[in-house]
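This report goes through selected packing features of one protein model. Please have the sequence and the structure at hand while reading.

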Amino acid sequence: MHLSNKITVIGSGYVGLVTGTCLAEMGNHVLCLDVDPTKIELLQQGGIPIYEPGLDEMVRRNAAAGRLSFTTDVAESVAFGEIQFIAVGTPPDEDGSADLQYVLAAARNIAHHMDGYRVVVDKSTVPVGTADKVKTAMLEVLAERGAALPFSVVSNPEFLKEGAAIEDFMKPDRIIVGAEDEQAIATMRRLYAPFQRNHERILCMDVRSAELTKYAANAMLATRISFMNELANLAETLGADIEWVRKGIGADPRIGYHFLYPGTGYGGSCFPKDVKALVASGREHGHAMRVLNAVEAANDAQKLRLVNKVVARFGEDLSGRRFALWGLAFKPNTDDMREAPSRVIVDELTRRGAEVVAFDPAATDEARRVMGSNPKLAFAADMDSALLGADALLIVTEWKAFRAPDFERIRTSLKQPLIFDGRNLYDPAWLRGEGFEYLAIGR
Ligand SMILES: NC(=O)c1ccc[n+]([C@@H]2O[C@H](COP(=O)([O-])OP(=O)(O)OC[C@H]3O[C@@H](n4cnc5c(N)ncnc54)[C@H](O)[C@@H]3O)[C@@H](O)[C@H]2O)c1
């Protein structure tokens, strides 16, 4: 790495923007590139295109200090950093495999403009073998140019959670670096040294293992959720309470409490696509990923669990019914609507003729963008007004503001005191004692 640390981040979405900003926070000079000019204009004007707690202030502070800037100019971005992070999207292709077109386009751009050594870092979640593809794509472009310039390709998957992205990036559990050459490994060690002053958190490994580690982590977490959802559905039938079961198994240190919450199914930009991509990788190489196929099937079914309860209560035809829905984002503290269970729930309720009035503390604009064409869906300005005149309340995302609501207001605003809780936020015995009909998951 040069004595002055200049880093380029390609792709200024959830991962790229957090990565670039946190690196700038440590004193590095960072240039973030995106192909989306509206995103870059907004960032240049001091706005940010996503909701992520604490990020707007950090972006502004580092931009004002001259350490963080934004561009759509590819030549400028390639010239800027010796380290070039690729943090573009890797959405699922038609067969579920990861679509690498954006990653490879970014790699070719680097090769097209570079004038000296570059460390190309795959931060996007990419299947095993992608680093090789990046290398090949870059060598092809360099050959066309007749330029024999040196570069390294490193795998450095990102483990941040939306909603706690800054904390996760600043204090990572581990930093996975997959690299083959010493120069690149030394560069990555220096780059990440400020993030691990307390103790070493870098795990250096071969590139393929690094690539697979990211998928393995997400697939394991998705598996825990689907496992708990299936168990919750069984507990309901058996007359057991899944919340006691959850605590009972979470206390076992071999199991632990994390990611054992039953609900309306996992969503977001990572678990669904990463599970699909790993299944596709397995298929491609002759391995039937039986567990993960079941994880996905269970999740698809779980997204309809709450609607099935509504149908059991109100009948197949929901025309003339209106439902209040709290929570649109796939999880709290984000505005990310990708693969959010709320989308399936709203589609199914409105397909059956119901109207839905939804409230979300952060995701309303994004929900309007992706679901706004549904004439039976309206958005409320606050949680109380969503309730007015509705047949029931459905809770889909566990935002903090929903955890201790004004139950008296819920009772008086709804046509009847009826809650379908997809996140098990309340005490069933107490609510039922207060005269509520309360239908949750697995209890
Ligand atoms: N979102 C998460 O929580 C998370 C966590 C860990 C890993 N990941 C992975 O990180 C990657 C990025 O995810 P994201 O959620 O940040 O996606 P995103 O869609 O929010 O951001 C990707 C950005 O890349 C831009 N882009 C596409 N092609 C480009 C190019 N050639 N040059 C410059 N910019 C380009 C897009 O315009 C977009 O702004 C994915 O592989 C994802 O799986 C995401």
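## Basis

This is a predicted model, in which local features need pLDDT of at least 70, side-chain atom pairs count only at pLDDT 80 or more, and totals for chains, interfaces and linings use all residues. Residues are numbered from 1 along each chain as its sequence is written, and side-chain values use heavy atoms, with hydrogens and water left out.

## Helices α1 and α3

Helices (H or I, at least four residues) and strands (E, at least two) are DSSP runs, numbered from the N terminus. Helix α1 spans residues 14–25 and helix α3 residues 55–64; their axes come within 10 Å and cross at roughly 50 degrees. The α1 helix is therefore oblique to α3. Axes are lines fitted to C-alpha atoms, for helices over the stretch in contact, and angles run from 0 to 180 degrees between N-to-C directions. Angles under 35 degrees count as roughly parallel, over 145 as roughly antiparallel, 65 to 115 as roughly perpendicular and the rest as oblique.

The crossing of α1 and α3 is left-handed (the near helix is turned anticlockwise from the far one by less than a right angle). Leu17, Val18, Thr21, Cys22, Ala24 and Glu25 of α1 make the contact with Leu55, Met58, Val59, Arg61 and Asn62 of α3, where contact means heavy atoms within 4.5 Å.

## Helices α9 and α11

The axes of α9 (residues 207–238) and α11 (residues 271–284) come within 9 Å, crossing at roughly 115 degrees. That angle makes α9 roughly perpendicular to α11. This crossing is left-handed. On the α9 side the contact includes Tyr215, Ala222 and Ile225, and on the α11 side Phe271 and Leu278.

## Nonpolar cores

A nonpolar core is a set of buried Ala, Val, Leu, Ile, Met, Phe, Trp, Tyr and Cys residues joined through side-chain atoms within 4.5 Å. Buried means under 20% relative accessible area, exposed over 50%, and partly exposed in between (1.4 Å probe, protein chains only). The largest core has 41 residues, of which Phe85 and Tyr192 touch the most other members. Helix α1 supplies the largest share of this core, six residues.

Not counting residues up to four places away in sequence, Phe85 touches Ile7, Val9, Leu23 and Tyr192, among others. Another core, of 35 residues, lies apart from the largest one and includes Val307, Phe314, Leu325 and Ala340.

## Leu203

Leu203 lies in strand β8 (residues 202–205) and is partly exposed, with a relative accessible area of 45%. Beyond its neighbours within four places in sequence, Leu203 contacts Arg174, Ile175, Ile176 and Val177. Leu203 and Ile175 are 28 residues apart in sequence and 6.1 Å apart in space, C-alpha to C-alpha.
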